[in-house]
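Morning, everyone. Let's look at the rings first, then at some strands. Here it is on the screen.

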Amino acid sequence: MRTRLSAILLAALACDGGTSPSPPARVIVTPGVKLLAEAGATFRFAARVTDAQGSAISGAEVAWSVADPSVATVDATGQATAVAAGSTEVRAAAGEASGTATLEVYIPAPVAEYVPGQAYFGRNRYVEYIAGDLPLVVSAGHGGGEEPDEIPRRTWGTLGRDSWTQETTRAVRDSIIAYFRGGQPHIVISRLRRTRLDPNREIVEAAQGSEFAEQAWREYHRFIAIARARVAEDHGRGLYVDMHGHSHPTPRVELGYLLTGGDLSRSDARLNEPRFPEQSSIRSLARRVDLSFADIVRGPLSLGALLSGERITTVPSPLIPDPHGEPFFSGGYSTRRHGSLDGGVVDGVQIELHRPGIRDTDENRRRFAGALARSLRLFLETHYGFAREQGTAAGR
């Protein structure tokens, strides 16, 4: 009996010791798509090896390779290094099984000089920059309509589109060229729908984890920064205008200088206290001109006054100095980032447009564009020393 049990035990041990692991049946490479945005950038891919039943095979040896080493290389650990612009396949092989991922290397061609009137684009043309030569930068971040499959829908935050703001901005450009005697503003436009990217937010909320949306976000703000630097170099000072659309109950244009409705409800004497200009997007202008801050924001030479003179109901302005407790946009991320709050010589204002009579038809968009162009011309002449005839800023 003892001999028989021993034999059974030995057989069982022999059977267990002779069991070999299941062969690899599948290799899953993650992420399936990756973007590297400069030569020399690196990223380590991961590979999960499974058997035919889908169980992970621990410690499986993986061999890495790329289809086109002129685009990128990959080492034995799965770390890829960008070499040049293009796209290549990254492969991980384990035994007879293998899996792949797509690696794109995007390196924009260097631009020696941005030519006024010429359009420049970011990756996949999601962002457009039309270079200019005036001390004026205009952006539109929420009017795009493109919804590419590679960028997932944003799932939180504001998702509604500022309809017709892209078209309004292009009409404004046409009018500025006409009223500035051929001078051209710098224009930056996001062509992505807001469900894919909101460039007027910090990158986490704006792109929500999509590296392709993050790339477009960086390009959008980089183009604005390029335009602002050009304005500072060519003119010594200038203005940044961020165009938006609102659906507030009262149909009026809202000018956001990073001042809340509560701030604007204060008396001129209170608004002139140092803390208000110092926390505004026109900080540089307030420090430079011989006017009170209240006059700059809502006095007879303010942008609101000039628009009101064009029969555009505007707040703040001499006629409507504050929102009177109604909804009001004071300025968002782009105005805060690209105005003069944190320094620099380019001031910023967010312009919020109601839809009826402004954005709703091509005729209305062009009529408003003419009114804004004339107002901006006078505002730049008055506060920035802009000489229309020469197309330059005087008194540098």
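Start with Tyr 114, Tyr 120, Tyr 129 and Phe 223: ring pairs join them into a cluster. Keep in mind that this is a predicted model. In total, the structure has eight aromatic pairs.

Now take the rings of Phe 180 and Phe 386. Their centres are 5.4 Å apart and their planes sit at 50°. Why is the pair called tilted? Stacked needs planes under 30 degrees apart, and edge-to-face needs over 60. This pair is at 50°, so it counts as tilted.

Where in the chain are the two residues? Phe 180 is in the loop between helix H2 (165–179) and strand E13 (186–190). Phe 386 is in strand E18, residues 386–387. Buried or exposed? Both Phe 180 and Phe 386 are buried.

Next, charges over rings. Lys 34 lies over the face of Phe 43, 4.3 Å from the ring centre. Arg 288 lies over the face of Tyr 384, at 5.0 Å from the ring centre.

On to the strands. Strand E8 covers residues 86–94, and strand E5 covers residues 63–66. These two pair in the antiparallel sense, over four bridges. Val 66 has Val 90 in E8 as its bridge partner.

E8 also pairs with strand E9, residues 97–105. That pairing is antiparallel too, over nine bridges. Here Thr 88 has Leu 103 in E9 as its bridge partner.

What do E8 and E9 form? A hairpin, with two residues between the strands. Gly 95 is in the turn, and its phi is positive, about 60°.

Definitions and conventions: Residues numbered from 1 in each chain as written. Predicted model: local features only at pLDDT ≥ 70, side-chain atom pairs only at ≥ 80, totals over all residues. Heavy atoms only, no water. Phe/Tyr/Trp six-rings, centres within 6.5 Å; stacked < 30°, edge-to-face > 60°. Buried < 20%, exposed > 50% of the residue type's maximum accessible area, 1.4 Å probe, protein only. Lys NZ or Arg CZ within 6 Å of the ring centre and 35° of its normal. Pairing = 2+ DSSP bridges.
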